[in-house]
Amino acid sequence: MTKSKPQKQIHLAAHFPGVNNTTVWSDPRAGSHIDFSSFVHFAKTAERAKFDFLFLAEGLRLREQGGHIYDLDVVGRPDTFTVLAALAAVTDRLGMTGTINSTFNEPYEVARQFASLDHLSDGRSAWNVVTSWDAFTGENFRRGGFLPQDERYSRAKEFLATANELFDSWRGDEIIADQATGTFLGDAKAGAFVHEGKHFDIHGRFNVPRSPQGRPVIFQAGDSEEGREFAASSADAIFSRYAALDTGQAFYTDVKSRLAKYGRRSDQLLILPAASFVLGDTDAEAEEKAHEVRRQQVSGATAIKHLEFVWNRDLSGYDPEGPLPDIDPDPGEHHIARGRAQVRMYRDPLAVAREWRELAAANNWSIRDLVIETGNRQNFIGTPATVARTINDYVQADASDGFILVPYITPGGLDEFADQVVPLLQEQGVFRTDYEGTTLRDHLGLTHPDASGLAHRAAS
């Protein structure tokens, strides 16, 4: 008689989006993406629903198109550490995850900021380690330029290793604070570090004592071969863009299979795709609503701008409700859209244009129709029961360990998921009804590293 596989517990988190093509910022229900009250509403909703963490992305430069700020997709936000530290004061258990760049920062500065955030939040900090791929962003910084891909990941690996050395320069037992004897520190060498490497050559004393988690939880978001290896070797969780069942399972299997070479178990790296959702009273109503949301997300002007990512030409004279341009894309080195990840996605614009023309002809699509149909679509659409069932099916089928939800309305778009879907997952016994631990590592089922870099299971 075969044993049935135990049900996995689902991990849920929430991404606070800025002004971009995943949000409908023009909706009357939409609020500010920069006022603190918006962040508070969003965070308190996520905590009320017992989510693992709130996630903030970070844009280091406003995107441009044709030399002007692309105001249909700004993706700008306040400083990550400032927002997360403020939110730590108005929440009790919700994790605080922030994207911080390893290309344009220094290990000492970032380690100090995360150790401080971990203290302020009582052990709820997490760091999404990213690199920067374009010279456009680099122009904002003293170093300027950018690093080739292999150099970016080489620097990122050493950056993280150096930060860990700084975190571990305090064991956690050095502060005695004996008022009777007047002894504060029991170890005069506390915080001492020396690092000599290709990218960093630093030595001194780290001035933040060991924090509740020891180190922040480490996230990674790269999908390249280098990114997957970096995650397998060093991350606690990896963001994935593969939220569909088949592609999610392939990504899950690939990344998890890389762990053994680094002496790690499958449960030591969580796979968490970003996912959007649309709820309705019936599945048909939700589908209709999702279609309307997509048309709100992709206006005619947005469709033209998105087509320019591939054509690398000014297409403002074309009708978004008309056919695709008959001219070919310009494959030149200098791109009309600066700072956009899509530029990297369409490495062969001539091939993409041929494919899109075939799709448009076969389906009688306009430019706007094509952008809507080939762009990001809602991942979970249906009644709360349908969405809860689908999410659970995906997690149990090892397409992910959970999802980072991206609502299309800020800041109130998460509320209906918290009120209608979460209770159903709780009834199925696959999502917590309350927090069992205090730190983000507790929520994620991760170990707490000690100061020697060896991990031990945290006491609940």
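Buried means under 20% relative accessible area, exposed means over 50%, and partly exposed covers what falls in between. That cut-off is handy for several of the close-ups below, all taken from a predicted model.

**View 1. Asp-398, a residue with a positive phi in a loop.** Here's Asp-398, sitting in the loop between α13 (384-396) and β17. At 23% relative accessibility, Asp-398 counts as partly exposed. Its phi is near 60°, a positive value in a residue other than glycine. For background, most residues other than glycine have a negative phi.

**View 2. Gln-249 and what it touches.** Gln-249 belongs to helix α7 (residues 245-257). Setting aside residues up to four places away in sequence, Gln-249 touches Ala-397, Asp-398 and Ala-399, so the Asp-398 of the previous view turns up again as a partly exposed residue. Gln-249 itself has 29% relative accessibility and therefore counts as partly exposed.

**View 3. Asp-122, with a positive phi in another loop.** Look in the loop between α3 and β6 (125-130) for Asp-122. Although Asp-122 is not a glycine, it has a positive phi of about 60°. Asp-122 counts as exposed because its relative accessibility is 54%.

**View 4. The cis peptide bond at Pro-411.** Thr-410 and Pro-411 are joined by a cis peptide bond, with omega about 0°. Pro-411 is placed in the loop between β17 (402-405) and α14 (415-420). Again for background, most peptide bonds are trans.

**View 5. Helix α2 alongside helix α3.** The axes of α2 (residues 80-88) and α3 (residues 107-120) come within 9 Å and cross at roughly 15°. Angles under 35 degrees count as roughly parallel, so that is what α2 is to α3. The crossing of α2 past α3 is left-handed. On the α2 side you'll find Phe-81, Leu-84, Ala-85 and Ala-88, which meet Val-110, Gln-113, Phe-114, Leu-117 and Leu-120 of α3. Sort the residues of this contact by class and you get eight nonpolar, one polar and no charged.

**View 6. Helix α1 against helix α2.** This time α2 is shown with α1 (residues 36-48); the two pack at an angle of about 55°, with their axes 10 Å apart. That makes α1 and α2 oblique to each other. α1 passes α2 in a right-handed crossing. Phe-36, Phe-39, Val-40 and Ala-43 of α1 make the contact with Val-83, Ala-86 and Leu-87 of α2. By class, the contact has seven nonpolar residues, no polar and no charged ones.

**View 7. Phe-51 in the largest nonpolar core.** This core has 75 residues, and Phe-51, Trp-127, Phe-403 and Phe-417 are the ones that touch the most other members. Helix α5 (residues 149-167) supplies the largest share of the core, seven residues. Zoom in on Phe-51 and, leaving aside neighbours within four places in sequence, its contacts include Leu-12, Ala-13, Leu-94, Leu-405, Phe-417, Phe-431 and Tyr-435. Arg-432 is also among the contacts of Phe-51. Apart from this core lies another, of 16 residues, including Val-352, Trp-356, Ala-360 and Leu-370.

Key: Residues are numbered from 1 along each chain as its sequence is written. This is a predicted model: local features need pLDDT of at least 70, side-chain atom pairs count only at pLDDT 80 or more; totals for chains, interfaces and linings use all residues. Side-chain values use heavy atoms; hydrogens and water are left out. A nonpolar core is a set of buried Ala, Val, Leu, Ile, Met, Phe, Trp, Tyr and Cys residues joined through side-chain atoms within 4.5 Å. Buried means under 20% relative accessible area, exposed over 50%, partly exposed in between (1.4 Å probe, protein chains only). Helices (H or I, at least four residues) and strands (E, at least two) are DSSP runs, numbered from the N terminus. Contact means heavy atoms within 4.5 Å. Axes are lines fitted to C-alpha atoms, for helices over the stretch in contact, and angles run from 0 to 180 degrees between N-to-C directions. Angles under 35 degrees count as roughly parallel, over 145 as roughly antiparallel, 65 to 115 as roughly perpendicular and the rest as oblique. A crossing is left-handed if the near helix is turned anticlockwise from the far one by less than a right angle, and right-handed if clockwise. Ala, Val, Leu, Ile, Met, Phe, Trp, Tyr, Cys and Pro count as nonpolar, Asp, Glu, Lys and Arg as charged, and the others, Gly among them, as polar.
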